[in-house]
Amino acid sequence: MDSIVRKPKIATVWLGGCSGCHMSFLDLDERLIELASKTEICYSPVIDIKEFPRVDFALVEGAVANEDHLHEIHHIRERCRVLIAFGDCAVTSNVTGMRNLFPLQDLMRQVYKDEASPSAGIPSGGVVPKLLERVRPLHEVVHVDHFLPGCPPSADAIWNLLMEVIAGNPPNEPRRFG
Ligand code: SF4
């Protein structure tokens, strides 16, 4: 009797980034069809699923910039086997982390009061997630299994990484691809 081989489940996640890494993912073009035949893409900004499921691999774009991101990355870490920091914002905080050069309260005052309206309030949570004092790369918050640098990583670098993790070839130690 033929055995049924389960396809690995994959998620892609968008935290504090510009979505450019996901644009590069879409640049896989026709290779997306091959990827869909080898894996089950369970969760992504490009498909409409609200709850993060248990998955084998999660590609996470963007840094951890606010309290929602913090909650989300811990939830993802609990529910994925292999977590990949996807792009420079996830790896180093990069563009998202440029605000770390300024004290948060000074920045908020300038953006919402000095440059907007003196009567404008400074958001402090609620509808707008509360910003963390410092933007943090993923590995400062949770364990990261693999790093895929680039701003954004090329489609070829994404493909090479995915083929290696799907084949089960990556070493046990955290590693940089690309
Ligand atoms: Fe955008 Fe570059 Fe950050 Fe990716 S690494 S989210 S392309 S700024």
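Student: What makes strand 5 and strand 7 (residues 146-148) a pair?

Tutor: Two strands pair if DSSP finds at least two bridges between them. Strand 5 and strand 7 are joined by three bridges, in the parallel sense, so they meet the rule of at least two. The strands themselves are DSSP runs numbered from the N terminus (E, at least two residues), while helices are H or I runs of at least four. This is a predicted model, in which local features need pLDDT of at least 70 and side-chain atom pairs count only at pLDDT 80 or more, while totals for chains, interfaces and linings use all residues. Residues are numbered from 1 along each chain as its sequence is written, and side-chain values use heavy atoms, with hydrogens and water left out.

Student: How many bridges join strand 3 (residues 55-61) to strand 5?

Tutor: There are six, and the two strands run parallel. Val60, for example, stands opposite Ala85 in strand 5.

Student: Why is strand 5 (residues 80-86) said to be largely enclosed by the rest of the structure?

Tutor: Six of its seven residues are buried. Buried means under 20% relative accessible area, exposed over 50%, and partly exposed in between (1.4 Å probe, protein chains only).

Student: What makes the contact between Asp56 and Arg81 a salt bridge?

Tutor: The term needs a side-chain nitrogen of Lys or Arg within 4 Å of a carboxyl oxygen of Asp or Glu. Here the N to O distance is 3.5 Å, so the pair qualifies. Asp56 lies in strand 3 and Arg81 in strand 5, so the bridge ties together parts 25 residues apart in sequence.

Student: Is Asp56 called buried or exposed?

Tutor: Asp56 has a relative accessible area of 8%, so it is buried. Arg81, at 52%, is exposed.

Student: Which residues are around the ligand?

Tutor: Among them are Cys18, Glu61, Asp88 and Pro152; a residue is near a molecule or strand if one of its heavy atoms lies within 4 Å of it. Helix 1 (20-26) and helix 4 (88-92) each supply at least two residues of this shell.
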